[in-house]
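The following note sets out numbered points on the model under review. Please read them beside the sequence and the coordinates.

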Amino acid sequence: MELQQVFDKMVEILKPFVKDPAALANADKDTHLIDDLKVNSARMVDIIIESEDAFEVEIDDDEADSIETIGDAVRVIMGKMDPVANPS
C-alpha cells in the first residue's frame, strides 16, 4: 500500500472521531490529532484500534503514544506494514 493510500485511509478512519469535519477536509500530514482535529484521548484509543483492524497491524503502547499527527500515524502504520522499507 502506498503512502497516499495509507493517508487517505487514515482520514476515513478519523472522520467519525473529529469534532470539526472541515478541519479534516483540509488535513495534511502535519495536522495534529488533538490540537487541530479536537480528538480527545479516549477517542485516540478507538482510532488506534480501528487502524489496527483496517491495516491488519498491531500498534504497541509506545508507538501509540508517539502518534500526534496524521503523518505520525501514517509513519507508524507504514513501518508496521513494511518494516524494511519504512523503518520507524
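1. Basis of the note. This is a predicted model, in which local features need pLDDT of at least 70 and side-chain atom pairs count only at pLDDT 80 or more, while totals for chains, interfaces and linings use all residues. Residues are numbered from 1 along each chain as its sequence is written, and side-chain values use heavy atoms, with hydrogens and water left out.

2. Confidence. The pLDDT, which is the predictor's confidence in each residue on a scale from 0 to 100, averages 92 over the chain. A score of at least 70 is reached by 94% of the residues. Confidence is lowest in helix α2 (residues 21-25), with a mean of 89, and highest in α1, at 96. Helices (H or I, at least four residues) are DSSP runs, numbered from the N terminus.

3. Histidine 32. This residue is found in the loop between α2 and α3. Histidine 32 counts as buried because its relative accessibility is 18%; buried means under 20% relative accessible area, exposed over 50%, and partly exposed in between (1.4 Å probe, protein chains only). Leaving aside neighbours within four places in sequence, histidine 32 is in contact with Leu37, Glu68 and Thr69, where contact means heavy atoms within 4.5 Å.

4. Helix α3. This helix (residues 41-55) has 15 residues and reaches 21 Å from its first C-alpha to its last, close to the 21 Å expected at 1.5 Å a residue. The expected span is 1.5 Å times one less than the number of residues. Met44, Ile47, Ile48, Ser51, Glu52 and Phe55 are buried in α3. Why do they lie on the same side of α3? They do so because they cover an arc of only 135 degrees around the axis, the arc being that of the directions from the helix axis to the C-beta atoms. On the other side of α3, Ala42, Val45 and Asp53 are exposed. The cover over the buried residues includes α1, α4 (61-65) and α5 (70-81).

5. The ends of α3. Just after α3 comes glutamate 56, with a positive phi of about 55 degrees, although glutamate 56 is not a glycine. Glutamate 56 belongs to the loop between α3 and α4 and counts as exposed, because its relative accessibility is 72%.

6. A further positive phi. Lysine 38, also a residue other than glycine, has a phi near 60 degrees. Lysine 38 lies in the loop between α2 and α3. With a relative accessible area of 45%, lysine 38 is partly exposed.

7. Salt bridges. Side chains of opposite charge can pair when their charged atoms come close. A salt bridge is taken as a side-chain nitrogen of Lys or Arg within 4 Å of a carboxyl oxygen of Asp or Glu, and by this rule the count comes to four. One of them joins lysine 29 to aspartate 30, with the closest N and O atoms 3.4 Å apart; both residues are exposed. Another joins lysine 80 to glutamate 63, where the closest N and O atoms are 3.1 Å apart. This pair links distant parts of the chain: lysine 80 is in helix α5 and glutamate 63 in helix α4, 17 residues apart. Lysine 80 is partly exposed, at 31% relative accessible area, whereas glutamate 63 is buried, at 17%.

8. Glutamate 12. This residue lies in helix α1 (residues 3-14) and forms a salt bridge with lysine 15, the closest N and O atoms being 2.9 Å apart. Glutamate 12 is partly exposed because its relative accessible area is 48%; lysine 15 is also partly exposed, at 46%. The C-alpha atoms of glutamate 12 and leucine 24 are separated by 9.5 Å, and these residues are twelve apart along the chain.

Note on methods
Helix = DSSP H or I, 4+ residues; strand = E, 2+ residues; numbered from the N terminus.
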